2 protein chains.
Amino acid sequence: MQKTFELLATDRHSKARRGRLTSAHGEIDTPAFMPVGTQGSVKGVSPRELRELHAQIVLGNTYHLFVRPGVDVIKCFGGLHNFMNWNGPILTDSGGYQIFSLAKLRKITEEGVEFQNHIDGARAFISPEIAMEIQMLLGSDITMALDECVPYPCEYDYAAQSAEMTTRWAKRCWERNRQNGETAKRGFADSMLFGIVQGAMFEDLRKESAQAIVDLDFDGYAIGGVSVGEPEEEMMRAVEWTEPVLPVNKPRYTMGLGTPPQLLELIARGMDMFDCVLPTRLARNGTAFTATGTVNLKNAEFTLDKNPIEKNCVCDACREFSRGYIRHLIKAEEILGLRLITLHNLHFYLNLMNQAGAEIEKGTFDQFRKAFVAQYKTREAVTVE
Amino acid sequence: MQKTFELLATDRHSKARRGRLTSAHGEIDTPAFMPVGTQGSVKGVSPRELRELHAQIVLGNTYHLFVRPGVDVIKCFGGLHNFMNWNGPILTDSGGYQIFSLAKLRKITEEGVEFQNHIDGARAFISPEIAMEIQMLLGSDITMALDECVPYPCEYDYAAQSAEMTTRWAKRCWERNRQNGETAKRGFADSMLFGIVQGAMFEDLRKESAQAIVDLDFDGYAIGGVSVGEPEEEMMRAVEWTEPVLPVNKPRYTMGLGTPPQLLELIARGMDMFDCVLPTRLARNGTAFTATGTVNLKNAEFTLDKNPIEKNCVCDACREFSRGYIRHLIKAEEILGLRLITLHNLHFYLNLMNQAGAEIEKGTFDQFRKAFVAQYKTREAVTVE
């Protein structure tokens, strides 16, 4: 069983790190962006296209898969890898975030969380132990501990109590993970388990949560409770408070982030792994990422534009199609339009991580980050969800 | 300039023919199925995927492209081939059928047809000459004469007058085509022009229309006014009345047809070219074609089905994914689901034409057709539109 994290290079001017995480289904070079395959499919693209994009890992949402098609179905197919025909690494979240953001009639107790799903309203209950069981059945390479993700803004007392409960849940996940490893349940011994730090936007709570989670000794650490509507400065502060507590020899994952400049800023703050729906979600609205910011290809200015989405971009969409044609496809609601922008946007994110890693190795990450952020102007308001 | 039709083999037991049509953008083996790229894109698939499917020709809808993005836009990109990045042959219809089926407030006169488009209601006028100009600007390899497609059922007197006007329109298209050829307007000299036979469901009108159109000497002949809601027997009769009038050394195209058994029956009746939205449209509803009929993958029976859509099928969808996974994708409204079924359905149609051609060459088409039709059961009602 291979589950190691190797630190290959660190930046002299920032906390940026170049690393390599080895999972049962292959290596992940960090900094890494994980395309989001919520329902067992990265929206608009095929597993073959993900491989051609050099995506090294895909994220699956436990809540969505639990609700539909159901864990029993995926188990019958031998796990999520087989089901979706993706033989690279898969990270699954615990389901917590979506229960808190999508499900109805949530009732949180020490034991776990009861809810009605958003598809057919069926009642269900997920505890830390059940979250581990589900992720084991999915065959995830990187599993996440169940946490409570509190809303923004959040009262101090609630945030404190919630973070403490998240720690107790993390301990139960850790324990179940250990038991499963001992009884050698199929596939589970090969998976990694990441703990999640909470604590809302309070420095002492973030540090306490981080220390308590680190004390449990997970395979990696995630910062949760960010990207919940807070201003970017508060998000960065939450990361800056947490990072010094995290061990250097384990991967760090900031959940649900972010824009391209945010990713570089988070890398500079010592973060290694990211997931975000922006590249796929904005593509469906006609918005493409470029080095100078986002452009909405629906705009009339692109009607006769024979240029690719981005000059010198080597993605299939840019090598084969013009802005004008893609604009037409989006206006005419042709599926190929969102497919092409999705391909480009995923390439943009994945390539940005590759570049960042190479710059860290070269010792030039700081200049690269500053130049990229200075050139990148968010032309349109984008919401990270 | 190459624009030839070569008859390579004929069946002894039926009128089935194996041929090869040479266009400015390449050869088309007949019998040929033409995937429908209504708005400059075959719904759900990329030009690269069309090439991988061995599609030899794509159909574009003049009416749709005229309305959006507009002919001027496509002209600016150097024609439809460049615009959509498809370097194979393109056939465009004249726009007539869609004006009669989609546009509002149509006013048909001898001069042409005035209408309001279905997108923004803008008024426009298309005459036979304008239809030829538009198709020239699109850069079509095979252009179609403007015709009036009468509804089903249709009064004899109206059908007779309409077919006569369609003949006069065909003559005007032929004349404009000749003039354009002489003045060597860019690209136009390389295109072929097909005439369209009308005459509704009346034997004498069909024969008169066919003879009048044949007398004009087109590069190929289409049978229009079928697939407009008539029973299959009437459709087959309209083809049977028309076929003997058509010259053997020119390709014959039945417009807007049909189901897989219908295609084989039409091949047996001497038809060479087909276009139909069924494989792409039904895919979006979760319906896949198989040798034993259509199956709707939404059905619960496929939830745990690890088989491909069709055993032994070599399409990418069948080589890589299970019915159970595709069912999940369709139920979850994931785009990949309709992409995979579209790929399979197009492969099914294109492969059926390949098989039919090979069987004609071997002299075994008749057995092949009978065996296929006997095995194929339409499990669900399908509507050809």
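E359(A) is buried (under 20% relative accessible area, with exposed over 50% and partly exposed in between, for a 1.4 Å probe and protein chains only), its relative accessible area being 14%. In this predicted model, local features need pLDDT of at least 70 and side-chain atom pairs count only at pLDDT 80 or more, whereas totals for chains, interfaces and linings use all residues. Residues are numbered from 1 along each chain as its sequence is written, chains are lettered from A and ligands numbered from 1 in the order in which they are written, and side-chain values use heavy atoms, with hydrogens and water left out.

**Salt bridges**

The side chain of E359(A) forms a salt bridge with that of K362(A), at 3.8 Å from N to O; the term denotes a side-chain nitrogen of Lys or Arg within 4 Å of a carboxyl oxygen of Asp or Glu. K362(A), by contrast, counts as exposed, at 58% relative accessibility. Helices (H or I, at least four residues) and strands (E, at least two) are DSSP runs, numbered from the N terminus. Side chains of opposite charge can pair when their charged atoms come close.

Over all chains, the count by this rule is 54 salt bridges. Several pairs are listed below.

| Salt bridge | Distance, N to O |
|---|---|
| K362(A) and E359(A) | 3.8 Å |
| E361(B) and R18(B) | 2.9 Å |
| R252(B) and E243(B) | 3.1 Å |
| E49(B) and R339(A) | 2.9 Å |

The side chains of E361(B) and R18(B) meet in a salt bridge. This pair links distant parts of the chain, with E361(B) in helix α14 (residues 335-362) of chain B and R18(B) in strand β2 (residues 17-23) of chain B, 343 residues apart. R18(B) is buried, at 11% relative accessibility. In the pair formed by R252(B) and E243(B), both residues are buried. In chain A, E240(A), E265(A), R269(A), D366(A), R369(A) and K370(A) belong to one network, joined by salt bridges that share partners.

**Contact between chains A and B**

Each chain is represented in the contact (heavy atoms within 4.5 Å): 39 residues come from chain A and 39 residues from chain B. Between them the chains bury about 3,400 Å², 56% of it on carbon and sulfur atoms; buried area is the accessible area (1.4 Å probe) that two parts lose on being put together, summed over both. The two chains are joined by 10 salt bridges, including that between E49(B) and R339(A). There are also 22 residue pairs in polar contact between chain A and chain B, both residues at pLDDT 80 or more. A polar contact is a pair of N or O atoms within 3.5 Å; within protein, one must be able to donate a hydrogen and the other to accept it, and residues adjacent in sequence count only if both atoms are side-chain atoms. On the side of chain A that touches chain B, α1 (47-52), α3 (71-76), α4 (80-84), α12 (316-320), α13 (323-331) and α14 (335-362) each supply at least two residues.

**Buried elements**

Strand β13 (residues 220-223) of chain A is covered on both faces, with G220(A) and A222(A) buried on one side and Y221(A) and I223(A) on the other. Strand β12 (residues 192-197) of chain A runs parallel to β13(A) and is joined to β13(A) by four bridges, where pairing requires that DSSP finds at least two bridges. Within this pair, V197(A) stands opposite I223(A).

In chain B, helix α6 (residues 128-138) is mostly covered, nine of its 11 residues being buried. Among them are M132(B), I134(B) and L138(B). G139(B), with a positive phi near 80°, follows α6(B).
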